[in-house]
Amino acid sequence: MSKENQVEEEKHYGSGVTELAIASEAPTDNIKWFRSTLVQVLVVGITSFLAPGAYSSLASVGAGGLADVNIGNASVALAYALIVPSALCATACLSKIGPRYSLSLGAAGYVFYAAALYQNSATGNQPFLVVGAIICGATSGIFWVSEAAITLLYSEPEYKGRHLAIWQSLFQLATCIGGAINLGLNIDLNETGGLKPKTFLVFVGLNAIAPLAALLLTNPKQVQRKDRLPVPAFPAEPFLKEVWLTIVELKDPRIIACCFLWSQSLFIPSWTSTYLAIHFSVRVRGLTSLITPLLTILTLALVGSILDIKSMTIRYKLVITWGLLQVLGLGSAIWLLVMQVRQSKEAVVPTWDWSTPGFGAAWVPYLFSFAASWTSYGFFYYMATYCFPREASGARTTRIIATLRSAESGSAAIAFGINSINVPLHHIGYINLVFIIVCLFCGYYVLRWIWKQDKKGAYNELVVPVEPVPPAIH
């Protein structure tokens, strides 16, 4: 290699140290489509469609689709509790086996939980439900961290928002298709109860394919980005050191504030899904699992269009979008709480089918709450790209994601645990309302920091970390 080429190579990939490089436009003629970042995001999205997306179809009907709400919530709480340590260990897993096999391993646990839900629905088998929840929880944390890290690190900076929207939309599309299946197989059930057992078999089949789909992912060194920059390096430290490095990220107050924001997206749905399972007929729950993802995809599109306005500064885009989502989320939570307080005073627990008077007023706030929670979830990833330390390497970004996903799982475990005991639903609603208000302050703290950074011009040029990794293999 000539001296000139060597200098150019070092400038592009770094000479043994991490340096900052400006993302640039580069010719894309010779990029192989199956090595492109878009295809990698589609692989992640399809795997998410088949694994957590298919499971979410069951979760969206309330209590995992089971007739016994307490059993359903308890099993979900157990799974989420185990995701906390598995998410913290996910960076160590990525270090040892890489993103492709980590994604596949993480997706493998969902089929056991879906099979356990089927067994419990068909035969009342509870021990298998516990085992399924344990296996799912022990692997899901690895999946959650891997899918987010791959989407953020593989993507070119200028396409990151679009790729995040694709990933989240495919996840929601699974819930939509699953909702159509739920509704089609249970449309004759106009009273409360559980889904028909055969419904669960469809999701067992989808979950079984997920680990195989994950193996289609390209390894980081083989990815061909449009900006010709290499994918930032994933974690590479020894197992225990990776776990420790992940935990110490919690020293940053902004990361702690983000932990609350991520937690809000999973804490609130445990309360609202219990409301759905208790008060609505099986076919309405099936219809809900069809409508809610469609509504979420629409709100994601609205949020995406605001965030893509080039004439608006980062700080205004983030504050306007966050404000709209909080109005929708807080408004629907208050609406639901008022409904539940009224219901608690009635002698007989009210239940609704779509043919029942008052159905719309009881059902609509659930739809808005669901859309607000899951749209906020996608929005927070976009916001985090401006909140995370700008100098953070790919490895550190992955560790930060692991802390956030561990925190959200812990909050979900607590929330579903609360909903699995005999506490009046409106009392749980008060807890959720307080949590939403706490998260308002956390959001203000994070956005205030981003506002100051944006006014200083910190985001005027798109800067991404480049690490000392070899050129992409074509």
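Contact here means heavy atoms within 4.5 Å. The model is predicted, with local features needing pLDDT of at least 70 and side-chain atom pairs counting only at pLDDT 80 or more, while totals for chains, interfaces and linings use all residues. Residues are numbered from 1 along each chain as its sequence is written, and side-chain values use heavy atoms, with hydrogens and water left out.

View A. Beyond its neighbours within four places in sequence, Thr246 touches Leu88, Thr91, Arg399, Ala402 and Thr403. Thr246 counts as buried because its relative accessibility is 0% (buried is under 20% relative accessible area, exposed over 50%, partly exposed in between; 1.4 Å probe, protein chains only).

**View B. The second largest cavity, with a volume of about 110 Å³.** The whole structure has three cavities of 30 Å³ or more. A cavity is a set of points, on a 1 Å grid over the protein atoms alone, where a 1.4 Å probe fits but cannot get out; lining residues have an atom within 4 Å of a point. Points are joined across faces, edges and corners, and the volume is the space filled by probe spheres set on them. Gln264, Ser265, Ile268, Leu325, Gln326, Gly329, Leu330, Ser369, Ala372, Ser373, Ser376 and Ile436 line the second largest cavity. Two or more lining residues come from each of helix H10 (253-279), helix H12 (314-344) and helix H13 (359-387). The lining comprises five nonpolar, seven polar and no charged residues (Ala, Val, Leu, Ile, Met, Phe, Trp, Tyr, Cys and Pro count as nonpolar, Asp, Glu, Lys and Arg as charged, the others, Gly among them, as polar).

**View C. The salt bridge between Arg283 and Asp353.** A salt bridge places a side-chain nitrogen of Lys or Arg within 4 Å of a carboxyl oxygen of Asp or Glu, and the structure holds nine. For Arg283 and Asp353 the N to O distance is 2.6 Å. This pair links distant parts of the chain, 70 residues apart: Arg283 lies in helix H11 (residues 282-307), Asp353 in the loop between H12 and H13. Arg283 is buried at 14% relative accessible area, and Asp353 is buried at 5%.

**View D. The salt bridge between Glu237 and Lys241.** The closest N and O atoms of Glu237 and Lys241 are 3.5 Å apart. Glu237 is partly exposed at 29% relative accessibility, and Lys241 is partly exposed at 43%.

Note on methods
1 Å grid on protein atoms, 1.4 Å probe; cavity = no way out; pocket = protein on both sides within 12 Å on 5 of 7 lines; lining within 4 Å. Helix = DSSP H or I, 4+ residues; strand = E, 2+ residues; numbered from the N terminus.
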